[in-house]
Amino acid sequence: MNNEGFGFLEEDAVEGVGDEWEELDVSDTEADRIARDQDREFLEFRKRIKNTEQFKVEESVFDDATYAALYKLVQDGHIEAFGGPVSTGKEAAVYEALGPEGTVAVKVYRVSASDFRQMRQYLDGDPRFEGIGSDKKKVVLAWVRKEFANLRRALKAGVKVPRPIAAERNVLVMEYVGTETERGRRLAEVHIENPQTAFEVVREYARRLYDAGLVHGDLSEYNLVVHEGELYVIDLGQAVTVHHPNARDFLERDCDNVAAFFARQGVDVTGESLLEYVTRGEPPER
């Protein structure tokens, strides 16, 4: 791995973390209206997409409202053409697509198949999710908008993350981290030529997130991607603010996971020392 590319974004420090309890709108979207109305153009779009080889996937990913969300994103100019799948998981599938400025990633969350119980640990105690209850649709819609907001905050904090572009219902459009022929590789998938340098970048990213009022909540070698000599942090849907009742536990787990990985690469680090660095020994002032 080329370690010369492990650099930081040259951005000003975050002046404030904003409203950490910013309201998340989970009311019906334009995509829901389109799905209900079933207009002719939408029906033609759905038929065209469903007949595309790359999108022949299970109904748990593409229901009518999801097709409508994609249709709305096309209408709004965020997507021009669709490509194949980049990755699939229990909660979401990621696809390549062509946007007005090049390739983008389209992350589609499964509404009917989402593991609400797994999400619950990141939702309980967050006032933005009060009143949502066990309504899977509302949970997923809020989750997508939360991920969009977390990506924006991380980017502002000087952390390399996929740039968020648009969110519609259960679909998130963001920067594609990869090339025309290959997606960015997870840190767990590559040979690290300079583990110390890579660790220092991840360590700094974790601190910048914390200073911006965020805890990733699932930080490990599986949510760090290498592309063109740079490290990117991905999958911020579960990230919580430092005011979340479980934030400290999540942060300690993040530090333990990152430290364990880099210790296996020969770096002299422990979860405790990384936690000390990230927090500077004290919670950030808010």
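Lys 107 has a relative accessibility of 6% and therefore counts as buried. Buried means under 20% relative accessible area, exposed means over 50%, and partly exposed lies in between, with a 1.4 Å probe and protein chains only. The structure is a predicted model, in which local features need pLDDT of at least 70, side-chain atom pairs count only at pLDDT 80 or more, and totals for chains, interfaces and linings use all residues. Residues are numbered from 1 along each chain as its sequence is written, and side-chain values use heavy atoms, with hydrogens and water left out.

Lys 107 takes part in a salt bridge with Glu 147. The term denotes a side-chain nitrogen of Lys or Arg within 4 Å of a carboxyl oxygen of Asp or Glu. The closest N and O atoms of Lys 107 and Glu 147 are 3.1 Å apart. This pair links distant parts of the chain. Lys 107 belongs to strand β3 (residues 102-109), Glu 147 to helix α5 (residues 136-156), and 40 residues separate the two. Helices (H or I, at least four residues) and strands (E, at least two) are DSSP runs, numbered from the N terminus. Both partners, Lys 107 and Glu 147, are buried.

Asp 235 also forms a salt bridge with Lys 107. Here the closest N and O atoms are 3.1 Å apart. Asp 235 sits in the loop between β9 (230-233) and β10 (240-241), and Lys 107 in strand β3, so the pair ties together parts 128 residues apart in sequence. Asp 235 counts as partly exposed because its relative accessibility is 27%.

Another salt bridge joins the side chains of Arg 185 and Glu 189, at 3.6 Å from N to O. Arg 185 is partly exposed, at 29% relative accessibility. Glu 189 is partly exposed as well, with a relative accessible area of 38%. Both residues belong to a network of salt bridges that links Glu 182, Arg 183, Arg 185 and Glu 189. The count of salt bridges comes to eleven.

Chain-level values complete the description. The protein chain has eight helices and ten strands. Of its 286 residues, 51% are buried. Among contacts (heavy atoms within 4.5 Å) with a separation of 6 or more, 67% involve residues 24 or more positions apart. The protein chain exposes about 13,600 Å², of which carbon and sulfur atoms supply 43%. Accessible areas come from the Shrake-Rupley method with a 1.4 Å probe; for residues, only the protein chains shown count as cover.
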